[in-house]
Amino acid sequence: MNANQFLKAVEQLQGWRECAFLLGLAERGFPNYALFADAVGLKTGAKMRQLLDLAWAMLQETESDAALPQMLAKLEALSPDVAAYDVYGVHPAFDFCRLLEQALLNRLNPARHRASEASQWATGTVMNFIEVSEGDGLSEDELVRLLDHHPLMKEDKAFQRELVLSLKRHRTPTEQFIDGLRQQAANNGVSNLGISLAD
């Protein structure tokens with residue numbers, strides 16, 4: 001699957017598949033939020049985990065959308081204010097919140113396509129992290145080369161492609177399929193930035 005085929009496949013996602021794709025991206029970014037919350041002494045990691053679990057559970061249910069406004073309000077309350085923290089970790093944490101918000105909004109308004117932009121956001125989180133951690137003093141060409149060959153970028157690309165292909169192959173969101181998807185996205189607690197909850 002080349003880059004154009006991938007973009008087209010993401011554009012074609014709709015309904016539960018699009019929601020599952022958004023949740024997969026959020027799941028992969030969750031450790032970024034949990035570690036940030038922990039580092040700055042916010043006691044919100046477990047509450048956010050609960051919210052993400054609820055969102056996954058909704059994929060199999062058709063009539064649970066009444067809880068969505070409440071879930072969105074809770075997400076807003078748990079989201080960090082980027083301007084209030086002078087640490088880099090707030091940015092990937094906030095990126096995770098944006099992805100989860102898109103998944104919830106997708107349930108509220110499935111007619112609006114969100115997956116393409118969310119896919120770019122998720123990749124942007126990885127790009128910014130590499131730039132901040134390894135890009136200091138590099139020329140633009142060197143930075144492009146660094147990003148092109150960086151293992152985290154390759155992993156992000158492989159993960160997103162695998163996610164889209166899995167979703168295209170499945171007709172219905174069976175419990176077994178969604179569980180497998182979640183595990184794949186959770187990546188044993190290692191985020192798209194290569195940081196782990198176990199560290």
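**Close-up views of salt bridges and a helix pair**

View 1. With a relative accessibility of 5%, Glu 27 counts as buried (buried is under 20% relative accessible area, exposed over 50%, partly exposed in between, with a 1.4 Å probe and protein chains only). The model is predicted, so local features need pLDDT of at least 70 and side-chain atom pairs count only at pLDDT 80 or more, while totals for chains, interfaces and linings use all residues. Residues are numbered from 1 along each chain as its sequence is written, and side-chain values use heavy atoms, with hydrogens and water left out. Arg 49 forms a salt bridge with Glu 27, the closest N and O atoms being 2.9 Å apart (a salt bridge is a side-chain nitrogen of Lys or Arg within 4 Å of a carboxyl oxygen of Asp or Glu). Because Arg 49 belongs to helix 3 (residues 45-58) and Glu 27 to helix 2 (residues 15-39), the pair ties together parts 22 residues apart in sequence. Helices are DSSP runs of H or I with at least four residues, numbered from the N terminus. Arg 49 is partly exposed, at 22% relative accessibility.

**View 2. The salt bridge of Arg 182 with Asp 53**. The closest N and O atoms of this pair are 2.6 Å apart. Glu 27, Arg 49, Asp 53 and Arg 182 are linked in a network of salt bridges.

**View 3. The salt bridge between Glu 117 and Arg 112**. Their side chains meet at 3.9 Å, N to O. Glu 117 is partly exposed at 37% relative accessibility, as is Arg 112 at 41%. The count of salt bridges comes to four.

**View 4. Helix 1 (residues 3-11) and helix 8 (residues 151-169)**. The two axes come within 10 Å and cross at roughly 50° (axes are lines fitted to C-alpha atoms over the stretch in contact, with angles from 0 to 180 degrees between N-to-C directions). In helix 1, Ala 3, Phe 6, Ala 9 and Val 10 meet Gln 160, Arg 161, Val 164 and Lys 168 of helix 8 (contact means heavy atoms within 4.5 Å).

**View 5. Glu 162 in helix 8**. Glu 162 is partly exposed, at 36% relative accessibility. Not counting residues up to four places away in sequence, Glu 162 touches Arg 169 and Gln 184.

Note on methods:
Helix = DSSP H or I, 4+ residues; strand = E, 2+ residues; numbered from the N terminus.
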